[in-house]
Amino acid sequence: MDMRLSMLASIALLGIACSVCSACNGATVQAASKPFTASPVATFDEPWAMAFLPDGRVLVTEKKGALKLLAVGGIAGDVRGVPKVAYGGQGGFGDIALHPHFADNHVVYLSYAEESEGGTRGAVVARAKLELDAQGGGALSELAVIWRQVPKVSGNGHYGHRLLFGPDGKLWITSSERQKFDPAQDMKSNLGKLVRLNDDGSVPADNPFAKDGGVAAQVWSLGHRNLLGLAFDEGGKLWEVEMGPKGGDELNLIVRGANYGYPIVSNGDHYDGRDIPDHPTRPEFAAPKVSWTPVISPSSLVIYSGTQFPDWRGDALISGLSSEALVRVEFDGEGAREAARYDMGARIRAVKQAPDGTLWLLEDGEHGRLLKLTPSASPTPL
């Protein structure tokens with residue numbers, strides 16, 4: 001009897017420690033010991049994104065419409081001039097990114113939800129000049145909207161609006177399908193698409209659908225659901241993470257002009273129980289390199305290039321909401337697999353690499369902490 005109890009206890013512990021990665025051929029992925037120390041630096045009200053200035057200070061967006069400037073030592077000042085945002089549900093103030101020549105032109109890019117007549121909403125991207133002051137804050141000026149989701153629709157979900165500047169200086173915008181499904185396949189809409197623009201909002205001539213004109217000209221890839229992370233690897237390949245429906249979160253290798261199939265195919269199903277055919281049933285659509293069921297709820301993505309964590313160089317790091325984890329993915333050419341999952345004990349809204357190679361996390365929610373990750377000689381609990 002004692003042996004049977006011991007075996008049952010072992011099985012129970014294994015069930016707690018492991019989850020199934022559906023792209024790993026049914027293999028279990030065990031929660032890993034953390035090879036880092038996570039140190040709280042500051043607390044914010046529903047933080048969503050962060051960007052590091054050249055001098056090491058951090059800009060942090062808060063969903064209700066505030067932009068904070070965090071100095072070394074954890075003192076946060078206010079940046080004035082933030083546009084009015086449509087706050088509610090998943091909407092509000094979103095991402096922030098620096099122009100590639102920020103040190104010279106002081107230009108930043110903001111994404112946020114905007115309300116229109118009739119209560120419809122959509123994501124927008126604006127650019128502005130950031131002027132810092134001696135009191136630890138600053139102000140935005142010359143703000144101008146350079147892109148909008150088309151069309152604006154009802155509801156408060158799936159804006160996406162993550163921003164990234166690529167090695168060629170082009171601006172990438174994730175435009176989610178706003179929980180409306182079919183627009184992801186409609187080229188008269190930029191919902192459910194990955195968008196590529198010049199830094200002034202104009203359309204690059206080498207976009208795959210540039211000759212079609214209209215919003216189609218903005219599109220680099222289509223058939224996406226809720227895109228929330230973008231990163232280039234050292235070889236110049238672009239990777240993207242998005243939330244699936246009930247199951248089927250995805251890590252995708254982005255190919256110019258490719259269709260990723262949503263809502264025609266997905267490795268998850270609709271929330272009401274209706275089946276969505278899996279990717280293998282429609283090989284003409286690009287399939288994810290990794291998918292997760294149960295979901296991890298990915299919220300952002302970096303591909304690590306620093307020296308603080310040498311064993312992670314070239315790996316993807318994904319922040320997880322429902323998984324309350326930092327998920328590490330290893331690449332093998334154009335293939336990928338989950339390598340480790342670090343339990344953070346809270347919903348993680350964003351992961352970012354600082355210029356010095358340290359990693360930073362933002363917790364989700366009203367008292368979301370900014371955490372600095374530094375290597376530890378032995379696993380240290382948060």
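Visitor: How much space lies in the second largest pocket?

Guide: About 330 Å³. Bear in mind that this is a predicted model, where local features need pLDDT of at least 70, side-chain atom pairs count only at pLDDT 80 or more, and totals for chains, interfaces and linings use all residues. Residues are numbered from 1 along each chain as its sequence is written, and side-chain values use heavy atoms, with hydrogens and water left out.

Visitor: What makes something a pocket rather than a cavity?

Guide: On a 1 Å grid over the protein atoms alone, a cavity is a set of points where a 1.4 Å probe fits but cannot get out, while a pocket is an open set with protein on both sides within 12 Å along at least five of seven lines. The volume is the space filled by probe spheres set on the points, which are joined across faces, edges and corners.

Visitor: Which residues lie closest to the centre of the second largest pocket?

Guide: Gln90, Asn226, Leu228, Met243 and Leu321, out of 22 lining residues; a lining residue has an atom within 4 Å of a point. Strands E12 and E16 each give two or more residues to that lining.

Visitor: How does the lining of the second largest pocket divide by residue type?

Guide: Into eight nonpolar, nine polar and five charged. Ala, Val, Leu, Ile, Met, Phe, Trp, Tyr, Cys and Pro count as nonpolar, Asp, Glu, Lys and Arg as charged, and the others, Gly among them, as polar. For the largest pocket, about 1,100 Å³, the lining divides into 27 nonpolar, seven polar and five charged.

Visitor: Why is strand E14 called largely enclosed?

Guide: Buried means under 20% relative accessible area (exposed is over 50%, partly exposed in between, with a 1.4 Å probe and protein chains only). Five of the five residues of E14 (193-197) are buried, so the strand is largely enclosed by the rest of the structure. Lys193, Val195 and Leu197 cover one side, and Leu194 and Arg196 the other.

Visitor: What makes E13 and E14 a pair?

Guide: Two strands pair if DSSP finds at least two bridges between them, and strands are DSSP runs of E, at least two residues, numbered from the N terminus. Five bridges join E13 (171-175) to E14, running antiparallel, with Thr174 opposite Leu194. E14 also pairs with E15 (219-222), antiparallel, over three bridges, and there Val195 stands opposite Val219.

Methods
Helices (H or I, at least four residues) and strands (E, at least two) are DSSP runs, numbered from the N terminus.
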